[in-house]
Amino acid sequence: LLRESFAISRKLFGDDDYRVGDACQNLAASLKDRGRYEEAELLFRDAHRILRGAFRDEHPKTTYPLLGLGEVLLRTEQFSSAESYLRQVYDTRRRLMPVGDRDRLMSARLFAESLSGQSRFSEAETVLREAIDGAQDKGALGSDEAQASLAQLVRVYQSLDRPADAKAYRR
């Protein structure tokens, strides 16, 4: 169904319309979720190209395919490559989205995961602490994404051999 939607969007709107970029991104996300990473990677790159052309680089819509691409690279343990895309997403969302926002928290968590995958745990801690502290200030620590970020911070502390800090954040 998503492949058909993507094909129909291309026929109706042309190759460079934002609706084609959205359909491409939706198809890529579905493929990613089914473990079809090579196909998903190509489609996320295509979706980003389309959406970047339709919107400026600083538009939040351009971050979604980059986030998906970063997730594909994380799942295939290409942490350094994932970092470059996830850093872009993280930096853009920090500028454009409010503290405690679910998408902002997600980008921090995934960016920190790319750093952790390279054993850069102190940097990951800094990213996660800022995101979690912001969520706490906004009363958003109960959200699923905040809980996932807290779990990631616990793993970082365990990797840093700081069990007391890990225990303090374990929920």
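The following questions and answers go through a predicted model of one protein chain.

Residues are numbered from 1 along each chain as its sequence is written. In this predicted model, local features need pLDDT of at least 70 and side-chain atom pairs count only at pLDDT 80 or more, while totals for chains, interfaces and linings use all residues, and side-chain values use heavy atoms, with hydrogens and water left out.

Reader: How many helices and how many strands does the protein chain have?

Author: Helices (H or I, at least four residues) and strands (E, at least two) are DSSP runs, numbered from the N terminus. Read from the N terminus on, the elements run α-α-α-α-α-α-α-α-α. The count for the protein chain is therefore 9 helices and 0 strands.

Reader: Which share of the residues in the protein chain is buried?

Author: A residue is called buried under 20% relative accessible area, exposed over 50% and partly exposed in between, with a 1.4 Å probe and protein chains only. Among the 171 residues of the protein chain, the buried share is 46%.

Reader: At which angle do the ring planes of Tyr-157 and Tyr-169 lie?

Author: Rings of Phe, Tyr and Trp (its six-membered ring) pair if their centres lie within 6.5 Å; planes under 30 degrees apart count as stacked, over 60 as edge-to-face and the rest as tilted. The structure holds 3 aromatic pairs. In the pair of Tyr-157 and Tyr-169 the ring centres are 5.8 Å apart, and the pair is tilted because the planes lie at 35°.

Reader: Which helices does this pair of Tyr-157 and Tyr-169 tie together?

Author: Both Tyr-157 and Tyr-169 are buried. The pair ties together parts that are 12 residues apart in sequence, because Tyr-157 lies in helix H8 (residues 144-159) and Tyr-169 in helix H9 (residues 163-169). The helices asked for are H8 and H9.

Reader: Is Glu-77, which has a positive phi, buried or exposed?

Author: Glu-77 has a positive phi of about 60° although it is not a glycine, and it lies in the loop between helix H4 (63-75) and helix H5 (79-96). With a relative accessible area of 60%, Glu-77 is exposed.

Reader: Where is Ser-119 placed in the protein chain?

Author: Ser-119 also is not a glycine, and it has a positive phi of about 60°. At 54% relative accessibility, Ser-119 counts as exposed. Its place is in the loop between helix H6 (102-116) and helix H7 (121-137).

Reader: Which residues is Arg-104 in contact with, leaving aside its neighbours within four places in sequence?

Author: Arg-104 is found in helix H6 and is buried, with a relative accessible area of 14%. Contact means heavy atoms within 4.5 Å. With neighbours within four places in sequence left aside, the residues in contact with Arg-104 are Arg-93, Arg-94, Met-97, Pro-98, Val-99 and Glu-130.

Reader: Which residues is His-48 in contact with, under that condition on neighbours within four places in sequence?

Author: His-48 has its place in helix H3 (residues 37-54), and with a relative accessible area of 11% it is buried. Once neighbours within four places in sequence are left aside, the contacts of His-48 are Thr-62, Pro-65 and Leu-66.
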